[in-house]
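This report walks through one protein chain. Look over the sequence and the model before reading on.

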Amino acid sequence: MNKKTFKMTKNLLTAIAVSFFMFLAISSSEDKTDAKDGGTENVAENAKKENWKYSEEENKMEGTKEFYATNTSTNKIEFEFPYDGGSTFDLLVRNLGKENEVVLTVSKGQFMTSIGGSENLKVKFDDEKPMNFSYNSADDASMDVVFLNNSAKFLKKLKTAKKVMIECTFFNAGSKVIEFDVEGLKWTK
């Protein structure tokens, strides 16, 4: 190897080494910047859970919009066969174009309903005293859904509450308490 080739090889290796160390230095400073700038903030933002899911649909027959806000229970309730395996609940606020309605559904199980009449359940908003609300079953006699009466009163309390507990009676299972994190409801319908 002549002197010129040796010098070129040495310069090339030096350039590669310098480039490598510069790459490491830049990568290291970007990691520190990410951790300093957004590390804890991004974790906090990502950890903040959205309690409500919103949707809207078009009623093609009526030519109107239907609006929905859904909140899933924070607890599961274990029922006996054939509903075993943990049941969850959805608290649904909806407006089908006329008025607001509050609906409670169970993923597996049956609410205690009566034909032609209404039943009662207890609702506790945050640390307030429990209130009674009556409810009716669905028109099609489905036992996994109930419609709360006096939806306007319920919705008014719901908009300012952080937590809601609902105690209701289930077929062959007695009374159970369902818990919801309801903070942040945005409902202007």
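Which residues of helix 2 are buried? The sections below give the answer, after a note on the model.

## Basis

This is a predicted model, in which local features need pLDDT of at least 70, side-chain atom pairs count only at pLDDT 80 or more, and totals for chains, interfaces and linings use all residues. Numbering starts from 1 along each chain as its sequence is written, and side-chain values use heavy atoms, with hydrogens and water left out.

## Helix 2

Ser151, Phe154, Leu155 and Leu158 are the buried residues of helix 2. Buried means under 20% relative accessible area, exposed over 50%, and partly exposed in between (1.4 Å probe, protein chains only). The four lie on the same side of helix 2, because they cover an arc of only 95° around the axis. That arc is taken from the directions from the helix axis to the C-beta atoms.

The other side of helix 2 has Ala152, Lys156 and Thr160 exposed. Cover for the buried residues comes from elements including strand 3, strand 4, strand 5, strand 6, strand 7 and strand 8.

## Overall layout

The protein chain holds two helices and nine strands. These are DSSP runs, numbered from the N terminus: helices are H or I of at least four residues, strands E of at least two. From the N terminus the order is α-β-β-β-β-β-β-β-α-β-β.

Of the 189 residues, 28% are buried. The chain exposes about 13000 Å², with 53% supplied by carbon and sulfur atoms. Accessible areas come from the Shrake-Rupley method with a 1.4 Å probe.

## Nonpolar cores

A nonpolar core is a set of buried Ala, Val, Leu, Ile, Met, Phe, Trp, Tyr and Cys residues joined through side-chain atoms within 4.5 Å. The largest one has 32 residues. Phe89, Leu91, Leu104, Phe125, Phe154, Leu158 and Ile166 have the most contacts inside it. Strand 8 gives the most to this core, with four residues.

Contact means heavy atoms within 4.5 Å. Leaving out residues up to four places away in sequence, Phe89 touches partners including Ile77, Phe79, Leu104, Phe111, Phe170, Ile178 and Phe180. Apart from this core lies another, of five residues, among them Tyr68, Val103, Ala138 and Val145.

Strand 1 (residues 53–59) and strand 2 (residues 64–72) run antiparallel, joined by seven bridges. Two strands pair if DSSP finds at least two bridges between them. Lys53 stands opposite Thr70 in strand 2. Four residues lie between the strands of this hairpin, and Gly63 takes a positive phi near 70°.
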